[in-house]
Amino acid sequence: KDLYLWVTKAPNGPSAKFLVSNIHTMEELRLTGNCLKGSRPILSFDKAFDSSPHMQILKQLFTSAFGTPKGHPKSKPFVDHIMNFSVA
């Protein structure tokens with residue numbers, strides 16, 4: 001069976017489909033620490049995401065899917081994790 005990740009900009013925006021090749025739970029990774037409820041991530045993108053128009057669209061899709069909207073009532077004013085997106 002294949003596992004796919006769909007990322008879209010609702011309701012009428014573009015979408016992208018990714019084949020997931022591997023997945024781990026947080027327990028398997030043995031990451032110690034305490035992610036705080038309501039904390040927001042810092043999104044870090046590789047320079048390749050600024051190189052062409054389709055990569056810029058992917059950057060916008062990832063930002064809308066994984067980022068916290070500015071001024072969201074349940075977000076907290078601190079950051080405790082970073083999500084890095086790179087092109088291999």
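# Notebook: pockets, rings and loops

I started with the largest pocket, and its volume comes out at about 210 Å³. Before going on, I noted that this is a predicted model, where local features need pLDDT of at least 70, side-chain atom pairs count only at pLDDT 80 or more, and totals for chains, interfaces and linings use all residues. Residues are numbered from 1 along each chain as its sequence is written, and side-chain values use heavy atoms, with hydrogens and water left out.

**Pocket**

I had to look up what a pocket is: on a 1 Å grid over the protein atoms alone, it is an open set of points where a 1.4 Å probe fits, with protein on both sides within 12 Å along at least five of seven lines. For the volume, grid points are joined across faces, edges and corners, and the space filled by probe spheres set on the points is taken.

Which residues line the largest pocket? I listed Leu5, Phe18, Leu19, Val20, Ser21 and Asn22; a lining residue has an atom within 4 Å of a point. Strand S2 (residues 15-20) gives the largest share of this lining, three residues. I sorted the lining by type and got four nonpolar, two polar and no charged residues. In that sorting, Ala, Val, Leu, Ile, Met, Phe, Trp, Tyr, Cys and Pro are nonpolar, Asp, Glu, Lys and Arg are charged, and the others, Gly among them, are polar.

**Whole chain**

I stepped back to the fold and found two helices and four strands. Along the sequence they follow the pattern β-β-α-β-α-β. These are DSSP runs numbered from the N terminus: H or I with at least four residues for helices, E with at least two for strands. The C-alpha atoms fill a box of roughly 35 × 35 × 25 Å, taken along the principal axes.

I also checked burial: 14% of the 88 residues in the protein chain are buried. The cut-offs are under 20% relative accessible area for buried, over 50% for exposed, and partly exposed in between (1.4 Å probe, protein chains only).

**Rings**

How many aromatic pairs does a search of the whole structure find? I got seven. Rings of Phe, Tyr and Trp (its six-membered ring) pair if their centres lie within 6.5 Å; planes under 30 degrees apart are stacked, over 60 edge-to-face, and the rest tilted. I picked Phe66 and Phe85: their ring centres are 5.6 Å apart and the planes sit at 40°, so this pair is tilted. Phe66 belongs to helix H2 (residues 53-66) and Phe85 to strand S4 (residues 79-85), so the pair ties together parts 19 residues apart in sequence.

Buried or exposed? I found that Phe85 is buried at 13% relative accessible area, whereas Phe66 is partly exposed at 29%. Both rings turn up in one aromatic cluster, made of Phe18, Phe45, Phe49, Phe62, Phe66 and Phe85. Phe18 was already in my pocket list.

I noted one charge over a ring too: Lys17 lies over the face of Tyr4, 4.3 Å from the ring centre. The rule is NZ of Lys or CZ of Arg within 6 Å of the ring centre and within 35 degrees of the ring normal.

I looked at Leu3, which is in strand S1 and partly exposed at 44% relative accessibility.

In the loop between S1 and S2 I found Lys9, partly exposed at 43%. Lys9 and Ala65 are 56 residues apart in sequence but 8.0 Å apart in space, C-alpha to C-alpha. Pro11 sits in the loop between strand S1 (3-8) and S2, and a cis peptide bond with omega of about 0° joins Ala10 and Pro11. I wrote beside it that most peptide bonds are trans.

**Loops on either side of H2**

Ser52 is in the loop between strand S3 (40-45) and H2, and I found Ser52 buried at 17%. Its side chain makes a polar contact with the side chain of His54 at 3.3 Å. Such a contact is a pair of N or O atoms within 3.5 Å, where one must be able to donate a hydrogen and the other to accept it; residues adjacent in sequence count only if both atoms are side-chain atoms.

Between H2 and S4 I checked His72, which is partly exposed at 36%. The C-alpha atoms of His72 and Gly38 are separated by 10.0 Å. Lys76 and Asn12 are 64 residues apart in sequence and 30 Å apart in space, C-alpha to C-alpha.
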